[in-house]
Amino acid sequence: MADIDFKLLAGRIDTVLDILVAGDTQSAIRNLEILKAELLDLDNNDKASSSGAPKMPWEI
């Protein structure tokens with residue numbers, strides 16, 4: 001499993017909540033989308049490193 005700093009993750013979620021409380025929903029949504037993409041990328045990198053098969057061109 002990828003190394004996830006849970007305190008950093010909680011801090012980023014807290015930042016998104018602060019943005020929502022301030023009323024900037026578009027910025028909060030963008031921040032959540034960025035966070036989601038980063039987490040999915042960590043998961044994909046972890047799966048790629050655990051499999052010994054070479055990646056196909058469309059998987060890079």
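The model is predicted.

Start at the N-terminal end of α1. Aspartate 5 caps this end. One of its side-chain oxygens lies 3.2 Å from the backbone nitrogen of lysine 7. The helix then covers residues 6-22. Just after α1, glycine 23 takes a positive phi of about 95°.

Now look around the helix. Leu9, Val16 and Ile19 are buried. These three cover an arc of only 80° around the axis, which means that they sit on the same side of α1. An α-helix has 3.6 residues a turn, so residues three or four places apart point the same way. On the other side of α1, Phe6, Lys7, Val21 and Ala22 are exposed.

Leucine 20 also belongs to α1. Is leucine 20 buried or partly exposed? Its relative accessible area is 39%; buried would require under 20% and exposed over 50%, so leucine 20 counts as partly exposed. Together with Ile13 and Leu17, Leu20 makes a nonpolar surface patch of about 250 Å².

Finally, move to helix α2, which holds residues 25-50, leucine 35 among them. Leucine 35 has a relative accessible area of 8%, which is under the 20% limit, so this residue is buried. Return from there to valine 16, one of the buried residues of α1. Leucine 35 and valine 16 are 19 residues apart in sequence. In space, their C-alpha atoms are 9.9 Å apart.

How values were computed. Residues numbered from 1 in each chain as written. Predicted model: local features only at pLDDT ≥ 70, side-chain atom pairs only at ≥ 80, totals over all residues. Heavy atoms only, no water. Helix = DSSP H or I, 4+ residues; strand = E, 2+ residues; numbered from the N terminus. Expected span 1.5 Å × (residues − 1). Buried < 20%, exposed > 50% of the residue type's maximum accessible area, 1.4 Å probe, protein only. Arc of directions from axis to C-beta. Polar contact = N/O pair within 3.5 Å; in protein donor to acceptor, adjacent residues only side chain to side chain. Patch = residues over 30% accessible without salt bridge, like charges linked within 9 Å, V, L, I, M, F, W, Y side chains within 5 Å. Areas by Shrake-Rupley, 256 points an atom, 1.4 Å probe, with all protein chains shown as cover. Salt bridge = Lys/Arg side-chain N within 4 Å of Asp/Glu carboxyl O.
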